[in-house]
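Please read the points below alongside the sequence and the structure.

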Amino acid sequence: MSATRDLHVNVRHEDGSLWATVEEFPGVFATGDNLEELRESLEEGISLVLERPNGEVPTVTLQPLQLAPAETTASAELVYA
């Protein structure tokens, strides 16, 4: 039996590498040098979170990641000296 669901993946680009978290699976953290490596790392991380009590790790297959523009926000803290 296979199931399909949409996931919210938060991708960041820092120091030439990509890293991501998945809102629906707290604790999943993935890295990669490109989107394909990042997708493979996400599949592995999600599989481990879904590990069954008998130790069986399910196969997780993600569609290619689709980057969507995100709203940019900023904040600052005012400090009086």
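**Strand pairing and overall fold**

Val 9 stands opposite Val 22, a residue of β2. Strands are DSSP runs of E with at least two residues, helices are runs of H or I with at least four, and both are numbered from the N terminus. The model is predicted: local features need pLDDT of at least 70 and side-chain atom pairs count only at pLDDT 80 or more, whereas totals for chains, interfaces and linings use all residues. Residues are numbered from 1 along each chain as its sequence is written, and side-chain values use heavy atoms, with hydrogens and water left out.

**Chain totals**

- The secondary structure of the protein chain consists of 1 helix and 3 strands, which follow one another along the sequence in the pattern β-β-β-α.
- Of the 81 residues in the protein chain, 22% are buried; buried means under 20% relative accessible area, exposed over 50%, and partly exposed in between, with a 1.4 Å probe and protein chains only.
- The protein chain has an accessible surface of about 6700 Å², and carbon and sulfur atoms account for 50% of this surface. Such areas come from the Shrake-Rupley method with a 1.4 Å probe, and for residues only the protein chains shown count as cover.
- Among contacts between residues at least 6 apart in sequence, 16% join residues at least 24 apart; contact means heavy atoms within 4.5 Å.

**The sheet**

- The 3 strands form an open sheet in the order β1-β2-β3, with antiparallel pairing; two strands pair if DSSP finds at least two bridges between them.
- β1 (9-14) and β3 (29-32) are the edge strands, each pairing on one side only.
- From one strand to the next, the twist averages 20°.
- β1 and β2 (residues 17-22) run antiparallel and are joined by 6 bridges.

**Helix α1 and its residues**

- Helix α1 (residues 35-49) lies across β1, β2 and β3 and runs at about 155° to β3. Axes are lines fitted to C-alpha atoms, for helices over the stretch in contact, and angles run from 0 to 180 degrees between N-to-C directions.
- Glu 36 belongs to helix α1 and counts as partly exposed because its relative accessibility is 37%.
- The side chains of Glu 36 and Arg 39 are joined by a polar contact of 2.3 Å. A polar contact is a pair of N or O atoms within 3.5 Å; within protein, one must be able to donate a hydrogen and the other to accept it, and residues adjacent in sequence count only if both atoms are side-chain atoms.
- Glu 36 and Pro 64 are 28 residues apart in sequence, and their C-alpha atoms are 7.3 Å apart in space.
- Ser 41 is also in helix α1; leaving aside neighbours within four places in sequence, Ser 41 is in contact with Ala 30 and Thr 31.
- A polar atom of the Ser 41 side chain lies 3.4 Å from the backbone nitrogen of Thr 31.
- Ser 47, in helix α1, counts as buried because its relative accessibility is 8%.
- Not counting residues up to four places away in sequence, Ser 47 touches Val 57, Pro 58, Thr 59 and Val 60.

**The nonpolar core**

- The largest nonpolar core has 11 residues, among them Leu 18, Val 22, Phe 25, Leu 42, Ile 46 and Val 60. A nonpolar core is a set of buried Ala, Val, Leu, Ile, Met, Phe, Trp, Tyr and Cys residues joined through side-chain atoms within 4.5 Å.
- β2 and α1 each supply at least two residues of this core.
- Val 22 touches Leu 7, His 8, Val 9, Val 28, Leu 42 and Ile 46, not counting residues up to four places away in sequence.
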